[in-house]
Amino acid sequence: MTEEIKIRIFSTPSCPYCVTLKEYLKEKGFEYEDINVAEDKEAAKEMIEKSGQMGVPVSEIKGEIIIGFDKVKINKILEIKE
Amino acid sequence: MYDLIIIGGGPAAISAGIYAARKKLKTLLIAKNWGGQVRLSPLVENYPGFESILGMDLANKFISHLKKNNLEIKEGIEIKEIELEENNKVVRVRGEKENFKTKAIIIATGRVPNKLGISNEEKFIGKGISYCATCDAPLFRDKKIIVIGSGNAGAEIAIELTNYASEVYILARSPGLKANEYLQNKIKKSSKIKIIANALVKEFKGDKFIEGFIYQDKISSKMKEMDIQGIFIAIGSSANSSLVKNMVELNKQNEIKIDSSNRTSQPNIFAAGDVTNVSHKQIIIAAGEGAKAALNAYDYIKKLK
């Protein structure tokens, strides 16, 4: 069985970097779980605890926490070559 | 080599991209992030065709419209440097790793929020300090928040925050709010918002997250400390023109000087939208300016052949 890459994006609907990050992953053909922390209070808490960050976006990819749209780090973890 | 590179992701850049693609220019649009100032405005009620639309919804419509056109798009790339080569005939654009060559360029990089300039401000960005209420407001549920800045932006943010925060304070340097009457009336009606006037922020306090701040009362000159769990800073914005500051003429506000054809002082560098000295920073104006810049860049490129 091939291992499915687990991507979780903690975001709010209106933040520019969140949208750019999601557009980028879509374009590269990755699926992700889109977690709206504006609606989901528990997820907001989880995000702040895991990242030490009170700003979106935060992503969790293969267990690693990425703050903001850190393209270099995301490319590395997902082995995206541009 | 590209005919045209457009730098930016707001209405000016997006509109320029649509027009350039329709003129069949070999175009690359590079957006660090999408939406520009549009996305930061909670509600847009002055863009024809949309009586009332969320800023983010309008921005999403712009982006999907752009992507229906035939041009190359790179998103999430920050341009570090722009250089002129081959007797200033070619523009080279450098990112962290990549670089591109083009005959002409449109700078539509918009504006960046001003910072207070307090020593530990950077340390608390994302740790309780935010410049983007539409992004981060929901994370401050049931918290005591201060908004620094008493203009329209500060007032709008304070009103938005009442949906989440337990208490909202507006800190004004001036004796009162500078926001328009409509917003001031809304604030008066809200039991959650209080105003601290004649105040100068001096220092932020906290360990991992922001916990409080010190301000000076301008009347008594006394220093006062206040516990707080979140700070939104809305003290205006500046033109994001640093990429070309040594290549084209800027005005005193660091806005790129353009003529009525969006030309800068350098013939192959065009500029559009909020980064320029065009009067009134509005979505409709930025979009129009972007279209104009693309059409004038097209004329310039055609003459090269």
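Which residues of helix 6 of chain B are buried?

## Helix 6

Here, buried means 20 or more other C-beta atoms within 10 Å of the residue's own, with C-beta atoms placed from the backbone. The buried residues of helix 6 of chain B are Ile283(B), Ala286(B), Ala287(B), Glu289(B), Gly290(B), Ala291(B), Lys292(B), Ala293(B), Ala294(B), Asn296(B) and Ala297(B). They pack against elements of chain B including helix 1 (11-22) and strand 8 (99-107); a contact is two C-beta atoms, placed from the backbone, within 7 Å.

## Ground rules

This is a predicted model, where local features need pLDDT of at least 70, side-chain atom pairs count only at pLDDT 80 or more, and totals for chains, interfaces and linings use all residues. Residues are numbered from 1 along each chain as its sequence is written, while chains are lettered from A and ligands numbered from 1 in the order in which they are written. Helices (H or I, at least four residues) and strands (E, at least two) are DSSP runs, numbered from the N terminus.

## The parallel sheet

In chain B, five strands make an open, parallel sheet, ordered 10-17-11-12-13. Its edges are strand 10 (129-130) and strand 13 (193-196) of chain B; pairing takes at least two DSSP bridges between strands. Strand 12 (residues 167-171) of chain B joins strand 13 of chain B through four bridges, and Tyr169(B) sits opposite Lys194(B).

## Helix 4 meets helix 5

Asn152(B), Ala155(B), Glu156(B), Ala158(B) and Ile159(B) of helix 4 of chain B touch Leu183(B), Lys186(B) and Ile187(B) of helix 5 of chain B.

Notes
Buried ≥ 20, exposed ≤ 12 C-beta atoms within 10 Å, placed from the backbone.
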